[in-house]
Number of protein chains: 2
Amino acid sequence: MRRSIATVSMSGTLRQKLEAIAAARFDAIELFENDFINFNGSATELRAMAADLGLGIDLYQPLRDFEGMPDELFRRNLERAERKFDVMQALGAPLMLVCSNTSPQSQGDAERSAAQLHELAERAARRNLRIGFEALAWGRWVKLYAQAWRLVERANHPHLGLILDSFHTLSLGDDPAGIKDIPGERIFFVQMADAPLLAMDVLQWARHHRNFPGQGQFDLENFFEKTLLSGYDGNLSLEIFNDVFRETPNRRTAVDAMRSLLYLESQVRRRLERLRDGTDQDAPSDALREMADSTLRRIELFDPPDALPLGGIAFLEFGVDDEAAVALGALFEQLGFARAGRHRSKAVTLYRQGGIKLIVNAQPGSDARARFDQQGPSVCALGLVTSDPARAANRASALLSARYDSPRGPNELRLPAIVAPGGTVVHFVPGAAGDVGGLAADFVPEASEASRTDAPAACGLQAIDHIAMGLANDQFDTWMLFCRAVLGLQPGESLELADPFGLIRSCGLANAGRSVRMVLNVSLSQRTRTARQVSATGRSGASVHHIALRCDDIFAAMTRLRANDVRFVPISGNYYDDLLARLDLDEPLVRRMQALDILYDRSTTGEYFHAYTEAFADRFFFEIVQRNDYDGYGAVNAPARMASQEQGGQR
Amino acid sequence: MRRSIATVSMSGTLRQKLEAIAAARFDAIELFENDFINFNGSATELRAMAADLGLGIDLYQPLRDFEGMPDELFRRNLERAERKFDVMQALGAPLMLVCSNTSPQSQGDAERSAAQLHELAERAARRNLRIGFEALAWGRWVKLYAQAWRLVERANHPHLGLILDSFHTLSLGDDPAGIKDIPGERIFFVQMADAPLLAMDVLQWARHHRNFPGQGQFDLENFFEKTLLSGYDGNLSLEIFNDVFRETPNRRTAVDAMRSLLYLESQVRRRLERLRDGTDQDAPSDALREMADSTLRRIELFDPPDALPLGGIAFLEFGVDDEAAVALGALFEQLGFARAGRHRSKAVTLYRQGGIKLIVNAQPGSDARARFDQQGPSVCALGLVTSDPARAANRASALLSARYDSPRGPNELRLPAIVAPGGTVVHFVPGAAGDVGGLAADFVPEASEASRTDAPAACGLQAIDHIAMGLANDQFDTWMLFCRAVLGLQPGESLELADPFGLIRSCGLANAGRSVRMVLNVSLSQRTRTARQVSATGRSGASVHHIALRCDDIFAAMTRLRANDVRFVPISGNYYDDLLARLDLDEPLVRRMQALDILYDRSTTGEYFHAYTEAFADRFFFEIVQRNDYDGYGAVNAPARMASQEQGGQR
């Protein structure tokens with residue numbers, strides 16, 4: 001099974017695209033016609049360039065509006081095809097994609113269409129080329145793969161086969177179940193595209209908003225499983241029209257592309273194994289189990305270590321300089337954290353409260369300090385609890401995450417670690433290592449908290465509820481795929497929130513146990529606070545924007561935090577009046593919230609109380625949250641926070 | 001007739017919005033609920049702030065999903081309404097907008113809906129408030145203004161009236177003709193929104209892509225005319241949900257907003273005058289002529305000087321320093337221009353060829369030189385031919401363009417001039433002033449071209465065909481409105497073109513006589529060449545990106561230009577092979593084009609031949625064009641140019 005990608009899926013000149021595609025270890029490309037037409041070299045030169053990079057040119061798509069045409073137009077189409085066959089032979093491209101006709105001049109006569117496709121295939125055969133016919137979702141007569149397949153069958157030529165594209169099937173809500181009944185050798189090529197579910201014209205959707213498998217909301221695992229069960233073993237290819245990818249640095253896009261295929265393959269491998277073993281929910285027939293078994297034996301689907309359950313966010317590490325270390329430490333103490341240890345050899349301090357551990361790293365020469373120098377104070381690393389850190393890192397590595405190896409001092413623990421997109425380090429921490437999450441070895445404990453007279457009183461904060469990332473626009477899909485494929489998180493709803501200076505798109509992801517939650521925020525505007533913070537990260541394009549800390553009694557916690565002079569974002573009285581108008585809430589409760597600047601949201605399952613601190617050095621802030629059977633992030637209240645931040649917090 | 005705007009239409013905090021709205025001389029605002037809920041002050045404080053700025057709060061929209069609800073939800077809705085009435089009284093807002101219900105819990109029973117609206121109006125009446133009911137295009141039961149009007153009639157309460165929103169009517173393709181038969185005093189408020197024609201879900205279209213009248217493609221003049229003929233004389237208001245406006249500097253947005261209303265009023269005034277005078281195409285009935293007459297006598301519709309026909313682009317002026325003046329002059333001579341004069345007192349040189357005049361201005365202390373200092377070499381001014389320059393400038397001024405007064409030396413001509421968005425100066429040049437367009441007075445002629453032995457031979461360039469502007473994303477709507485309202489140009493089709501690093505949106509505008517053409521190009525990506533050039537203009541966000549010069553025989557012209565060593569953007573041989581495959585063209589003709597890097601396009605009416613020079617100082621370039629009954633701009637070929645430019649021009 002060859003992995004390939006269409007050149008339209010990424011930015012740059014054709015040479016730059018091929019170099020990026022080769023670097024991500026694809027086997028081949030689909031050549032997008034305009035890329036070739038505008039290429040400053042001949043077909044032969046392009047073929048040599050691709051070959052030098054180890055890439056085949058597996059597909060070319062130079063014909064549109066072909067089948068079912070009146071005779072005169074058909075004659076012209078054949079002339080066009082012969083000229084394009086010349087190009088394909090010079091390119092060494094064996095397969096031409098012909099998608100279903102959209103022209104108002106086309107005729108719905110199946111006999112005519114089949115005859116014309118037959119003639120095209122016959123001419124291709126003379127040159128040892130093949131034709132693949134694909135149903136376009138907005139084709140005039142042929143929209144569904146089943147219709148395209150009937151035409152291919154009717155045309156009945158060995159050099160004519162079917163091409164499948166998941167977008168065209170799933171965007172119309174068509175069921176891919178029938179694919180497994182098509183003879184696999186009659187399917188010549190398969191294109192796999194995901195997409196967010198958008199309520200828009202399917203052509204516009206297709207041309208601007210596709211993305212890689214795992215970045216959108218289609219059920220591609222089902223589609224790909226059915227394709228494999230047909231016996232298909234040709235290319236697994238990506239043809240992605242996406243406005244953002246057109247401007248994203250193409251090395252990153254190519255890695256995302258390959259990661260998306262590896263992830264899809266590994267997920268479908270597991271599905272097929274369950275089918276074969278009869279451990280799927282539905283009881284499969286023996287024939288189906290047989291098909292799954294033969295598919296698994298025939299196709300080398302990618303097989304990384306499985307994602308392990310995560311047990312929580314063990315710690316966050318902040319990169320600072322000496323001055324910021326003092327200021328941040330002071331803020332942590334106001335928030336009720338106690339200094340729990342100093343690093344045995346470095347300028348690193350550990351703070352603790354409840355199950356939360358925060359590390360402040362000002363060590364000269366460290367990566368944390370280097371990150372401070374580039375971006376100012378920021379979260380440079382986080383720890384995720386898992387039962388088998390080495391295995392978690394191996395999975396990440398198999399799915400193309402870079403490993404992170406820090407310099408290690410004497411007696412220091414090395415945690416398996418990887419680099420998230422944009423440079424944040426993710427350490428995997430053994431769950432069995434007790435409540436210090438494996439960090440004990442690195443830190444010399446402070447005098448016990450009880451014995452320190454100046455130790456702050458805890459404020460009741462128990463755990464890191466979630467971390468919210470501020471992302472550059474072109475980082476959103478990259479992070480979505482990273483969180484799903486590498487970390488095994490599942491996305492919730494995607495929302496748009498109004499900042500006074502533009503829209504923010506926000507999507508939360510969580511693990512099944514809800515002990516690890518991340519929110520991805522991207523500013524669609526260049527002028528919001530989020531955009532300014534992301535822009536301060538330079539090329540990284542990603543930084544922790546806020547950190548939500550969970551407590552059991554937010555009224556008690558907020559009372560203590562305010563007593564410690566923690567400054568919170570003030571919320572307008574109008575907000576509370578509106579709460580009373582909208583929801584059936586006790587007025588005294590609402591007035592208590594108002595007194596403490598606590599915001600409120602309600603879902604069908606539960607309630608969410610939360611408040612925001614003012615930002616630290618204008619870079620990140622904290623959210624204090626209490627969750628009562630509530631699974632969201634209070635997004636409805638984000639505009640109140642953003643408006644208050646822009647109004648300078650006066651009341 | 002009060003002019004107002006909804007606060008959701010612009011960026012910023014509520015205070016900043018009100019200040020910008022007041023500065024653009026609106027009479028009032030519509031208060032968007034979230035702006036109030038997140039405002040750091042009370043309703044009373046907001047009322048005082050608006051009053052200080054001379055703004056009324058004419059409308060508030062705090063209720064959704066009101067009518068046609070089951071009894072229990074209706075009871076809750078009334079409680080909600082009473083709380084919102086409290087707010088309205090404190091705000092001094094006399095009118096509440098209620099839009100048609102979208103809730104799945106709503107019932108289609110007209111009797112129930114009417115009764116509930118009646119009860120709401122009765123409660124409003126007790127507080128001397130009024131209710132306006134509006135059909136939302138995606139309402140569950142009520143989508144059309146005629147349906148909303150039937151409910152209002154049925155509810156039959158003097159404090160309940162109809163609210164119209166052009167978006168909801170025109171987005172559904174509904175005919176506004178029936179509006180004129182609704183009693184005007186029963187229409188409580190009118191919202192006017194334009195929009196580009198997009199094939200997408202109407203709710204998403206409405207929430208993200210509306211724009212100001214004259215910026216989109218709706219027939220708002222017809223809609224507004226029908227509204228006025230009803231006898232309506234309430235607010236003319238703007239409620240614009242637009243993602244880009246949310247991040248555009250709000251002073252500019254507010255001026256655009258007011259300009260759009262003034263333009264709409266003036267256009268509809270002319271329609272009504274034609275109706276009254278019977279000079280319209282259709283022969284109106286006496287009753288209709290009577291209605292038009294009474295409307296014109298009743299409403300003070302804005303009445304600027306009419307737009308005058310433009311007679312061409314008289315000249316372009318380039319801001320440079322001494323070094324760039326030499327380089328640019330050398331390029332002009334290669335292009336076949338002759339030095340035709342030196343300014344009598346300044347470091348300014350005039351170049352001429354055919355009917356084209358180019359001015360190079362390096363005068364220290366001049367605005368042109370200041371522009372060079374900010375942005376590098378650029379077109380800083382242009383001249384448009386018109387029969388009455390003072391009147392043209394007066395129209396621009398009435399439509400809120402800033403006038404431009406340059407310092408004038410002795411014996412210099414002062415042309416009436418205005419400032420286009422972003423700072424380019426537009427001079428109006430009298431058409432009667434002969435072929436030097438009124439500039440003769442300023443320039444001392446060079447020795448006649450024939451007598452100069454080193455004078456370059458002309459290359460056959462005859463006229464400025466069009467100028468293409470590179471615009472920042474948030475400048476597109478501003479420029480569209482400026483070109484239509486101030487210059488009287490009409491837009492053609494809007495297209496998206498693929499640059500190797502992102503998409504470019506492009507729209508051409510022209511006058512009726514096609515002697516003035518402008519193309520607006522905006523890069524949706526931050527990484528294209530266009531985006532980089534626009535970004536070099538700093539806050540201006542607008543600069544001339546290329547200048548198209550027309551000739552009668554492009555093969556002869558290109559041969560001469562190449563002989564003069566003008567460098568052209570090389571075009572791939574694959575482009576010409578594809579031309580032969582796509583179109584029925586003579587192969588020898590195509591090979592002649594190929595030899596000269598001439599691109600080709602064809603429309604239903606004619607043909608277009610064109611070629612691009614390499615960029616001057618990486619800032620702007622020239623296009624050589626030949627038009628044969630062709631009305632476009634060869635946009636289909638722009639990707640070939642952009643790809644070649646990125647490939648560094650090697651062949």
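This is a predicted model: local features need pLDDT of at least 70, side-chain atom pairs count only at pLDDT 80 or more; totals for chains, interfaces and linings use all residues.

**The interface and the binding site**

Modeller: About 4,300 Å² of area is buried between chain B and chain A, and carbon and sulfur atoms give 49% of it. On the side of chain B, the residues that lose the most area to chain A are Asn38(B), Glu247(B) and Asn574(B), together 14% of what that side buries. As for why an area is quoted at all, the size of an interface is often given as the accessible area lost when the parts come together.

Counted by residues, 54 residues of chain B are in contact with 54 residues of chain A. Two kinds of pairing can then be listed across this interface. The rule finds 2 salt bridges between chain B and chain A. One of them joins Asp578(B) to Lys84(A), with the closest N and O atoms 2.5 Å apart. There are also 32 residue pairs in polar contact across the interface.

Several elements of chain B give two or more residues to the side that touches chain A, including helix H2 (33-37), helix H4 (71-91), strand E19 (490-499), strand E20 (502-510) and helix H18 (573-582). Of the elements, H18(B) gives the most, with 6 residues. By class, this side of chain B has 19 nonpolar, 18 polar and 17 charged residues.

An unreviewed UniProt entry places the feature "binding site" at Glu134(A), Asp165(A), Gln191(A) and Glu239(A). These residues span 106 residues in sequence, yet no two of their C-alpha atoms are more than 13.0 Å apart, so they gather at one spot.

Consider two of these residues in turn. Glu134(A) lies in strand E5 (residues 130-134) of chain A. Its relative accessibility is 3%, and Glu134(A) therefore counts as buried, since the cut-off for buried is under 20%.

Glu239(A) is found in the loop between strand E8 (236-238) and helix H10 (250-277) of chain A. At 5% relative accessibility, Glu239(A) also counts as buried.

Technical notes
Residues are numbered from 1 along each chain as its sequence is written. Chains are lettered from A and ligands numbered from 1 in the order in which they are written. Side-chain values use heavy atoms; hydrogens and water are left out. UniProt positions are given in the numbering used here, feature names are shortened, and annotations may be inferred rather than shown by experiment. Helices (H or I, at least four residues) and strands (E, at least two) are DSSP runs, numbered from the N terminus. Buried means under 20% relative accessible area, exposed over 50%, partly exposed in between (1.4 Å probe, protein chains only). Contact means heavy atoms within 4.5 Å. Buried area is the accessible area (1.4 Å probe) that two parts lose on being put together, summed over both. A salt bridge is a side-chain nitrogen of Lys or Arg within 4 Å of a carboxyl oxygen of Asp or Glu. A polar contact is a pair of N or O atoms within 3.5 Å; within protein, one must be able to donate a hydrogen and the other to accept it, and residues adjacent in sequence count only if both atoms are side-chain atoms. Ala, Val, Leu, Ile, Met, Phe, Trp, Tyr, Cys and Pro count as nonpolar, Asp, Glu, Lys and Arg as charged, and the others, Gly among them, as polar.
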